[in-house]
Amino acid sequence: MKHKILVTGASGAFGSLACIQLAENGHQVVGTMRSLHGKNEATANELKSKGVALVEMDVTNEDSVNSGVRSAIEVMDGLDTVFNNAGIGANGILECFTADDIQRMFDVNVFGVQRLMRAVLPHLRQRGNGTIIHTSSCIGRVTTPFLASYSASKYALESLAEGYRAELSGYGIESCIVEPGGFPTGFMGGMITPSDTERMKQYGEMANLPETSLNGYVAYVESIRQQRPERVAEAVLDLVNTPFGQKPFRTVVDFSGLKEGIENYNKVLNETTKAIYTANGVESLLTLNKD
């Protein structure tokens with residue numbers, strides 16, 4: 001079955017590669033990015049050459065999201081699948097981030113998700129069928145030093161996805177989460193850093209550790225042949241092509257040593273979730289995923 005798919009964050013590695021792989025496999029795809037010009041122009045032109053339609057969308061702006069969704073539905077004459085992928089990272093000592101710094105990231109990773117969901121769900125509920133795929137992270141399951149603020153946004157996304165999974169099941173809308181490990185992409189170099197540089201000085205030599213740690217991690221994942229963003233795009237394609245109702249709720253994509261531990265964690269959480277839902281008489285809300 002061929003799908004009509006909206007992909008946010010199409011200017012990034014995961015989003016652009018997913019758009020290309022989905023289009024090459026016969027799906028109709030609209031990708032979104034804040035601007036089709038400037039630094040995004042080369043990526044936009046490549047996507048267009050692969051048959052991907054593009055619309056401008058800023059997930060931090062409600063009017064832009066609503067307009068972009070309307071345009072996507074018009075271009076494809078419908079919509080049945082959403083890859084909720086737009087995101088931004090942050091790296092630094094937690095105390096040195098101002099509330100505005102962290103709010104900037106949450107505005108994309110959390111509130112941006114909510115804006116998009118509110119824009120697409122009336123259409124999907126009306127058609128009585130659909131698929132939502134969210135990009136989370138392995139560190140949306142476990143917190144590491146200097147990346148805690150980013151982890152917090154992905155923990156929040158995971159919670160939203162769990163809520164939507166249950167609340168949308170009666171409308172035939174299935175939900176999935178993709179949890180990538182760290183991959184060598186431009187995402188790593190575009191992270192927000194703390195703006196309170198005066199506070200940072202109080203940490204002395206430790207203030208240099210976030211950058212040193214990130215650079216070391218990037219070098220590590222670059223050394224792993226399989227740890228490439230194409231694997232995430234392949235996982236998204238596999239989910240889209242998996243028959244309705246047979247998709248796992250969470251899919252871990254990692255070759256750096258995190259996969260087994262995160263999957264074990266997810267398995268325990270899944271069993272706990274089922275037990276809680278069963279105790280409350282709402283276990284039927286979990287039936288749209290194979291697990």
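Leaving aside neighbours within four places in sequence, which residues is Leu116 in contact with? They are Leu6, Thr8, Met57, Val65, Val69, Val82 and Asn84, where contact means heavy atoms within 4.5 Å.

The structure is a predicted model, in which local features need pLDDT of at least 70 and side-chain atom pairs count only at pLDDT 80 or more, while totals for chains, interfaces and linings use all residues. Residues are numbered from 1 along each chain as its sequence is written, and side-chain values use heavy atoms, with hydrogens and water left out.

The protein chain has 11 helices and seven strands; these are DSSP runs numbered from the N terminus, with helices (H or I) of at least four residues and strands (E) of at least two. The radius of gyration of the protein chain is 19 Å, close to the 19 Å that the globule rule gives for 291 residues, so the chain is as compact as a globular protein of that length. This radius is taken over C-alpha atoms, and the rule is 2.2 Å times the number of residues to the power 0.38. Along the principal axes, the C-alpha atoms fill a box of roughly 55 × 50 × 40 Å. Among contacts between residues at least 6 apart in sequence, 73% join residues at least 24 apart.

Of the 291 residues, 51% count as buried, that is, under 20% relative accessible area with a 1.4 Å probe, protein chains only. A nonpolar core is a set of buried Ala, Val, Leu, Ile, Met, Phe, Trp, Tyr and Cys residues joined through side-chain atoms within 4.5 Å. The largest such core has 39 residues, and those with the most contacts inside it are Leu6, Val69, Leu116, Val120 and Leu121. Two or more residues each come from helices H3 (62–76), H4 (99–109), H5 (111–127), H6 (148–168) and H9 (209–222). H5 gives the most, with seven residues. Apart from this core lies another, of 29 residues, among them Ile5, Leu54, Val178 and Val253.

Not counting residues up to four places away in sequence, Ala235 touches Thr251 and Val253. Ala235 lies in helix H10 (residues 229–241) and is buried, with a relative accessible area of 11%. Ala235 and Pro180 are 55 residues apart in sequence and 9.7 Å apart in space, C-alpha to C-alpha.

Key. Buried means under 20% relative accessible area, exposed over 50%, partly exposed in between (1.4 Å probe, protein chains only).
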